[in-house]
Amino acid sequence: MYVAVKGGEAAILATHDLVAEARRGDESVPELAVAQIREQMGLACGRVMNEGSLYDPDLAALALKQAQGDAIEAAFLMRAYRTTLPRFGSSEPLDTARMAIRRRVSATYKDLPGGQVLGPTYDYTHRLFDFALMDEAAPGEVQTRPAAQPLDAAMPRVPDILGAEGLMEEEAPPEGDPRPFDLTREPVSFPAERDVRLQAMARGDEGFLLGLGYSVQRGFGNSHPFVGEVRVGEVAVEYVPEELGFAVDLGDVTLTECQMVNQFAGSKDVPPQFTRGYGLSFGHSERKAMSMSLVDRALKARDFGEATTYPAQQDEFVLYHSDNVEAAGFVEHLKLPHYVDFQGELELIRRIRKERQERQDKLADQPSEALPEAAE
């Protein structure tokens, strides 16, 4: 037994060396720097920050490098590191209405107050390979076109415009404005409140939420959404130290916010109006924020007296299965030794097969009964 343990330990240590070798790859190729990943793979870093539930572009880039680009493994690294960090307080609520806009589009109003700001997006590209990017010897020249005039400082959010007409559902903090639930410190119970659902989706797997959002649009949910607004930009993070009593600006974070607009036919107590789905994510993460907002509205079905018959409308299904770190752990643990369990099942199958064969042999040895003659 001691030899087996020592041998297993040596093999595990050897895998660490093999991982490092595989991560480095061909040593004749220059090694990627963390700064290169942070600056040139910003969308991947944004995903890792979201699913790792920690905003730090440098650590996200390091995690991607260490994990060989595996986004889920990188998110796992981020979450593991996050548990070691002290918590000294909570920031003030972020005011996305004061966001320094880099991108802002709406599918509901062509002449949007403040204007449409396309910004950096792949929406209008042709999805053809740019083979010039393979020529590393020729540095690419980025040509920027300054705007003819600065962006409008006042960019009202579309749901606020509809709300001014009384056409959008009102949203207000719960009575007493209690502290939001913290799912990293408290056990989740069901049915889950919206603050819990939004937290879980904010760090949920982008692909899983994308699939659920797609299912809602395909008819597996009572939803016909419009993108009220997607905005990307920097928002100030403010914190109020107890010894000062006033807010201090800690810096800016890049966020993506999406508000979906959905029609609601009304009920006995609520007039016909538009309802909203909300998504907020770190970095430039439009697909994540949009998927989150679609599922958020689907999860509000119970609040509007709608049937909850589809996966995207069931909070327990969404919250438990959207966490890719937990899901990956549960799936990948199947690779670990299960020798005792398997041997138990192996012996059970052998015994069942033996008993079945004995029954069949016994039946085969019995003389067949003569069939009664057919009556004329």
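How many helices and strands does the protein have? The protein has twelve helices and four strands, where helices (H or I, at least four residues) and strands (E, at least two) are DSSP runs numbered from the N terminus. The structure is a predicted model, in which local features need pLDDT of at least 70 and side-chain atom pairs count only at pLDDT 80 or more, while totals for chains, interfaces and linings use all residues. Residues are numbered from 1 along each chain as its sequence is written, and side-chain values use heavy atoms, with hydrogens and water left out.

Along the principal axes, the C-alpha atoms fill a box of roughly 100 × 70 × 55 Å. The radius of gyration is 28 Å, whereas a compact globule of 376 residues would have one near 21 Å; this radius is taken over C-alpha atoms, and the globule rule is 2.2 Å times the number of residues to the power 0.38. Buried residues make up 30% of the 376 residues, with buried meaning under 20% relative accessible area, exposed over 50%, and partly exposed in between (1.4 Å probe, protein chains only).

Leaving aside neighbours within four places in sequence, Met-201 is in contact (heavy atoms within 4.5 Å) with Leu-209, Lys-288, Met-292, Val-295, Asp-296, Leu-299 and Val-318.

Beyond neighbours within four places in sequence, Gly-46 is in contact with Phe-282 and Ser-285. The C-alpha atoms of Gly-46 and Phe-282 are separated by 5.9 Å, although the two residues are 236 residues apart along the chain.

Met-134 gives a view of the surface. Met-134 is found in the loop between strand E1 (100-105) and helix H6 (158-164), and counts as exposed because its relative accessibility is 64%.
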